[in-house]
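Me: I would like a close look at a single part of this model. Please treat the interface between the two chains in one connected account.

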There are 2 protein chains.
Amino acid sequence: MKALIAGLGLIGGSFALALRDHGIASEILGVENSEQHAAEALKMGLADRIVSFEQGVAEADLIVLATPVDTIPLMAVKALNRVNDRQVVMDVGSIKSELCEVIAMHAHRGRFVAVHPMWGTEYSGPRAAQRGAFSGRNVVLCDTAHSDPDAVARIEAIFRALECPMVYMDPEEHDLHTAYVSHISHVTSFALALTVLEKEREERHIFDLAGGGFESTVRLAKSSAATWVPILLRNKYNVLDVLREHIHQLQIMRRMIERDDAEGLKGLMDRANTIQRIIK
Amino acid sequence: MKALIAGLGLIGGSFALALRDHGIASEILGVENSEQHAAEALKMGLADRIVSFEQGVAEADLIVLATPVDTIPLMAVKALNRVNDRQVVMDVGSIKSELCEVIAMHAHRGRFVAVHPMWGTEYSGPRAAQRGAFSGRNVVLCDTAHSDPDAVARIEAIFRALECPMVYMDPEEHDLHTAYVSHISHVTSFALALTVLEKEREERHIFDLAGGGFESTVRLAKSSAATWVPILLRNKYNVLDVLREHIHQLQIMRRMIERDDAEGLKGLMDRANTIQRIIK
């Protein structure tokens, strides 16, 4: 099988490695706007050739859209305009409602499968690509009822080979839950980094005292604006809703600390502890 | 050397293992109020014997206070009341101002060394104790000018053996910076867990979608109230100060998302990214 990956960054690059390592793709074509990224991707073996999007769509059996989420809907339409009924187009983006709405009435809608593998790191670009990245991680498939059964089966076979448990949701449900579970974590991590950078004029102290839990909560603050500005803005209403609730929870804790309310704080922390039933 | 560890939980238990593994203590006495924890600690080899605090202080060369921070100042006074000029008392608590103030005028102040090893996990109790916990992590020593030189030298020799770089601060400076770098991370993590538990009535979705960064930002929400309520309340003014700034940063991000201010968000994220210069 010949695969085209548009966007050879963290996710696209890791997916290219997975397709190759599992013997799923015999040839991988890549689309990369950045010359530097194109050179890195070729050097790392993420693609055999860099091609134009049009050329890649004409050649590939599987077309994977792995660019920032604000660019995916139009690329999906452009890809669907050119595919025949044996080609499959998928994306790996973090939000789905706008995408699924834009392609809903396309004559070739059936050739598209909306996919979100639940894996990522705070790094970006081809050099962030990792072998074995998706293995064992859940993958969400959205709106599969609107995809042709053979296209869905093709995608399911790929993720079965990668040993990814598959979860099925509609796009609105997906965007709501990813706001809660993924997007808000990035917002708080960015804000925490900004807080500490604002308050700690002497960076040496941050360095000296790291180890107190800071690294894990601030890790995601290293994530790139190119990826995350579009995600937050394209999932705006869900993100704002959960962000309002988060600020509210912080204000409750603040008032309890102000009032030395040990019992109240204990109650909140005990309840927060129950998250370990869900997250190991 | 004979060591007494008061509180054989995460930190005290791990310190007991370190003292034993490095051949620093030939015998370890433990103080544990909880019968279950005492039994677990003996079974795990964290202590050779469980003793009363008074008995332990009478016997030990080194007395280590590893109980919740609200109990440390009075225990420090009670230990200092009984020690001779060859014994050394240290704590491993996360806040220092109140402690150092309480013991400031004690006739045996010189026998106390205020210590904060910058290591921890979200787990608690004897079973959370880990071998090699402190190795290579920074350790903060506070107000060493008020400790006897031989007592400081004894503590420095221990942390040199554990390969911990030593950092010297005054207690107020320590409490301010740990509020920024450690305590606020716990507050945001608790609040994030509460937010998601509040919004996500279906826990299955949290589980299905984890992998999007949530685990690392929410990890500290598993931390125990017994440890963290006293830390937040005893470091109240510093914690409130940094919490106010954090809520302010979140409100700035919220307003930018509301206004679709992509440039503004990019600016904030680019600035947040600079945290990687400091935290690897």
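What area is buried between chain B and chain A, and what percentage of this area do carbon and sulfur atoms give?

Reply: This is a predicted model, in which local features need pLDDT of at least 70 and side-chain atom pairs count only at pLDDT 80 or more, while totals for chains, interfaces and linings use all residues. Residues are numbered from 1 along each chain as its sequence is written, chains are lettered from A and ligands numbered from 1 in the order in which they are written, and side-chain values use heavy atoms, with hydrogens and water left out.

The area buried between chain B and chain A is about 9,000 Å², and carbon and sulfur atoms give 69% of it; buried area is the accessible area (1.4 Å probe) that two parts lose on being put together, summed over both. Chain B brings 93 residues to the contact and chain A brings 93 residues, contact meaning heavy atoms within 4.5 Å.

Across this interface the rule finds 8 salt bridges, each a side-chain nitrogen of Lys or Arg within 4 Å of a carboxyl oxygen of Asp or Glu. One salt bridge joins Glu198(B) to Arg271(A), with the closest N and O atoms 3.9 Å apart.

The elements that give two or more residues to the side of chain B that touches chain A include strand E8 (166-169), helix H7 (171-199) and helix H12 (262-273) of chain B; helices (H or I, at least four residues) and strands (E, at least two) are DSSP runs, numbered from the N terminus. H7(B) gives the most to that side, with 22 residues. By class, the side of chain B that touches chain A has 47 nonpolar, 24 polar and 22 charged residues, where Ala, Val, Leu, Ile, Met, Phe, Trp, Tyr, Cys and Pro count as nonpolar, Asp, Glu, Lys and Arg as charged, and the others, Gly among them, as polar.
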